[in-house]
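Have a look at it first, then read on.

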Amino acid sequence: MMNLIKRPRRNRAHGSMRSLLCENKVTVDDLILPLFLLGDESAKSEIKSMPGQFRFGRKELISELKESISLGIKMVCLFPILPEEKKDSMASIALKKEMFYYQRIKEIKDLFPELVIMTDVALDPYSSDGHDGIVDPKTKTILNDQTIEVLTKMSILQAQAGADYIGPSDMMDGRVGAIRKGLDSEGFTNTAIFSYAAKYASSFYGPFRDALDSAPKFGDKKTYQMNPANRREALLEAKLDEAEGADVLMVKPGLAYLDIISDLRRHSNLPIAAYNVSGEYAMVKAAGERGWCDETAVMNEMLVAFKRAGADLILSYFAKDFAAQRIK
Ligand code: PBG
């Protein structure tokens, strides 16, 4: 017999003990469900690279929301999908009050007042260039300050429609401060900002760009999204967003960036969110379909890892699967 004083295995001896000593648990209250919206009155099409995720027309969106709410989902993040012919280089349609996205937000808020609605603020769903900002036609660079004027106006329209959280996903400099000022000047002092504080130029967004058909038409997003090799820079971005008035700080992607979540958790007292992005979802689904991993077990392990790293909230395409599994 070895003479061991410490035997950590004693605390793992059986299920109830492991459950009592569990350090982190995911609940439905931690999850935000992203949804893709079509302008159609009735439509539902599955996203090829994201099995189980759909683009929803108006009617189908309402039934999807009813089902999600009955499973305990309390917050959704809405992304609009526009046909190519509605896009232009200035993303002009984003500032049209009658655009379907604003109408949908209003209708959902009226139908489900308790549901927390987060929106998306960036130009890529509306831009014929597929970039998050306005492109200078001569230099082909992304114009920061001009873009922010549009983002601020979009945010006000979203707030007017009833959004609870405005979600700038664009990574322009100074946008959180400008949006805060814009919202306040219009009286929306209670509309919060859910900032994509550390958003990396990641290849994990591939399936999302398929869903929206929003891949950049030229170049990449590396002049505004962060270099995946950088860690300190995330703190710089997070501190700026906090100082500019962000109410929640998000790290995106999530899985390969748990160190960043942990850093932000230690350096800020704001709620921290993780975006479990489309590519992370697609990898698990693809391996699960092939029988190469237990999809549900991997999903649960992934979600708890975000909590362990320090996330309070997780934006995940698995939100409904997770909720349904708890209710069964
Ligand atoms: C764009 C945006 C992207 C995602 C959310 N908002 C893609 C991008 O930056 O190109 C990705 C989300 C995901 O992959 O699930 N503003």
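The lining of the largest pocket splits into five nonpolar, three polar and three charged residues (Ala, Val, Leu, Ile, Met, Phe, Trp, Tyr, Cys and Pro count as nonpolar, Asp, Glu, Lys and Arg as charged, and the others, Gly among them, as polar). This is a predicted model, where local features need pLDDT of at least 70 and side-chain atom pairs 80 or more, while totals for chains, interfaces and linings use all residues. Numbering starts from 1 along each chain as its sequence is written, and side-chain values use heavy atoms, with hydrogens and water left out.

**The pocket**
- Its volume is about 160 Å³ (the space filled by probe spheres set on grid points, which are joined across faces, edges and corners).
- A pocket here is an open set of points on a 1 Å grid over the protein atoms alone, where a 1.4 Å probe fits, with protein on both sides within 12 Å along at least five of seven lines; lining residues have an atom within 4 Å of a point.
- Among the lining residues are Ile142, Asn144, Asp173, Tyr224 and Glu237.

**The ligand**
- 16 residues surround the ligand, and the closest are Arg209, Lys221, Lys252, Ser278 and Tyr317 (a heavy atom within 4 Å counts as near).
- That shell divides into seven nonpolar, three polar and six charged residues.
- A ligand oxygen atom lies 2.6 Å from an N or O atom in the side chain of Arg209.

Notes. A polar contact is a pair of N or O atoms within 3.5 Å; within protein, one must be able to donate a hydrogen and the other to accept it, and residues adjacent in sequence count only if both atoms are side-chain atoms.
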